[in-house]
Amino acid sequence: MNSYRAINKASIFAPRVLERPYFLSSKNAFFSSVANAFIRLPVLDSMVDKLTALEQAPLSNTAVVYVHHPLRTSLNLLDSMFSLGLAPKDTFVLGKHYSENKWVVQEAKRRGVYYQPCSPQVELARFDESFTHDIHSLWAEVVKQLGERSNIENVLVLDHGGYAINFMPPSITQHFKVVGLEKTSGGLINWVRQGSEPSFPLINMANCATKRFLESPLIAEAVVEKLSPVIPVSREPTTCGVIGYGAIGKAIAEKLLSLGHRVITYDRDPAQLKTANLRKNFLATHDLISLVASADLLFGCSGQDVTYSVEAFRLSSRDKTLISCSSGDREFLTLLQLIQKNSQSGLVINPRQDVIYESEFGGKITILRGGFPYNFDDSGESVPANDIQLTRALVLAGVFQAIDFFRNPHVLGEKGLYALDAELQKFVVHEWLQYQPRNRYTEKVLSNFEQSDWIKANSPGIQEALSFTLESHTQLKLG
Ligand SMILES: NC(=O)c1ccc[n+]([C@@H]2O[C@H](COP(=O)([O-])OP(=O)(O)OC[C@H]3O[C@@H](n4cnc5c(N)ncnc54)[C@H](O)[C@@H]3O)[C@@H](O)[C@H]2O)c1
């Protein structure tokens, strides 16, 4: 355990604030109790069966760079790609330290992939630096190893947060056909900010309709379920602040309301707040500082730093607990930087430790899991496998699309941001719904996924028809 020493009023401490460990009760039994075991994901199996019936080993001339959360279901994705002819030795994997499950890493290595170790993060608020360092090391290895192979024509980059594509060495695009896929909206925001796009086709899985409309409630449910030991269950409602009223923020707010808590939400986009169905115990505000002052539990669901008004924390006289539901250590970055400034420098941090800050006025601010997303622990599961296979299947759909793109000179010449194919999304949804409880989604939401045009309209990027389709024989279940 780290021995982080505090200086001045700010303090960063190892002891977990939560005395009660996370446990599997019947309520949250949907998180698998077997942490280190391989599980089958039937949707992925079915997709592989369909594609291999059309063609054997379409990935045999491709190298894959895979940036991921080292969770058990990542192994299913790797195995699916191996079934499509990807050689483990042509697979280069990097995980994120805060979500790493050691068994998953061992299993991936056992399969023969090159696995880039995560470097330790030195000091709070510096995840980006350690991860960028790891990305450079990963690419150095890719360049070295591919230089010794003659069979590889294509490089497929399955990115998570935009780092791998951003730091890709020019020699990769000079020597290989390249297709990228971005899994997170944060990764795409970086391209928008730079006002540029990669010099090869990039598949936009991050904002596809299936991810936005079907995945977000699953994430919110998983975060809240993992948080159940933390969310007070008492007759007294707790005042909760939800910052970022997007797909995940909305689902978190609804869950908290259903548990009888008071919820205040803030979004920097006023249009988002207009979508809130405000009612008793549910308020929206355009003033982040007021929200911070009023709330005891703060949920960061924006994907951005929401502590830039750091004075609201520095001067708080009340205790508060901060929980990230988003990505990396971004959500409470300015506050973490303030804490780091007042703490010992140069120490390696454990990304899963809570960080405690004593404010100028004696308020104890607890940042759970160091500001990394709360549903990532060392269990190897951030969301139950049966649910998250939707996300893994979308990545596999992107792999299928990339296989087609590698053979399409028009697309390879065109570059740009491409929508994840609507027909593949439709197939994934049909298959996945077989394994979902009825009534999880409304009839309206599900019927939208029967319409390719609706999926296209809600999946941003260039639409490019593929040379093949996968037929689903499953009837879509309506609510
Ligand atoms: N924890 C997980 O398992 C998990 C899984 C998937 C995605 N995520 C991450 O969760 C985050 C939210 O995802 P989403 O699907 O809800 O995204 P979203 O784009 O639907 O919602 C984000 C909302 O935050 C608002 N926002 C942005 N910056 C803000 C700021 N500075 N202050 C206040 N509001 C701000 C936006 O206007 C938007 O309404 C993303 O970063 C995503 O990568 C986490």
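This is a predicted model: local features need pLDDT of at least 70, side-chain atom pairs count only at pLDDT 80 or more; totals for chains, interfaces and linings use all residues.
A salt bridge here is a side-chain nitrogen of Lys or Arg within 4 Å of a carboxyl oxygen of Asp or Glu.

**View 1. A salt bridge joins R407 and E55.** The side chains of these two residues meet at 2.5 Å, N to O. Side chains of opposite charge can pair when their charged atoms come close. You will need to look at distant parts of the chain to find both partners, since R407 and E55 are 352 residues apart. R407 sits in the loop between α14 (385-406) and α15 (409-414), while E55 belongs to the loop between α1 (42-54) and β1 (62-68). Across the whole structure, the search finds 20 salt bridges.

**View 2. The protein chain is assigned two domains, domain 1 and domain 2.** Domain 1 is made of residues 42-213 together with 382-457, and domain 2 covers 228-371. Taken over C-alpha atoms, their centres are 30 Å apart. Where the domains touch, domain 1 brings 16 residues and domain 2 brings 19.

**View 3. Domain 1 and domain 2 bury about 1500 Å² between them.** Carbon and sulfur atoms account for 56% of that area. On the domain 1 side, keep an eye on Y98, E123 and L124: this trio supplies 43% of the area that domain 1 buries against domain 2, more than any other three residues. How many salt bridges cross this interface? The rule finds zero, but it does find nine residue pairs in polar contact, with both residues at pLDDT 80 or more. Helix α7 (residues 185-194) gives the most to the domain 1 side, with three residues. By class, that side has seven nonpolar, four polar and five charged residues.

View 4. In A247, a backbone N or O atom lies 3.1 Å from an oxygen atom of the ligand. In D267, a side-chain N or O atom is 2.6 Å from a ligand oxygen. N375 also uses its side chain, with an N or O atom 2.9 Å from an oxygen atom of the ligand.

Conventions
Residues are numbered from 1 along each chain as its sequence is written. Side-chain values use heavy atoms; hydrogens and water are left out. Domain bounds come from an automatic or database domain assignment. Contact means heavy atoms within 4.5 Å. Buried area is the accessible area (1.4 Å probe) that two parts lose on being put together, summed over both. A polar contact is a pair of N or O atoms within 3.5 Å; within protein, one must be able to donate a hydrogen and the other to accept it, and residues adjacent in sequence count only if both atoms are side-chain atoms. Helices (H or I, at least four residues) and strands (E, at least two) are DSSP runs, numbered from the N terminus. Ala, Val, Leu, Ile, Met, Phe, Trp, Tyr, Cys and Pro count as nonpolar, Asp, Glu, Lys and Arg as charged, and the others, Gly among them, as polar.
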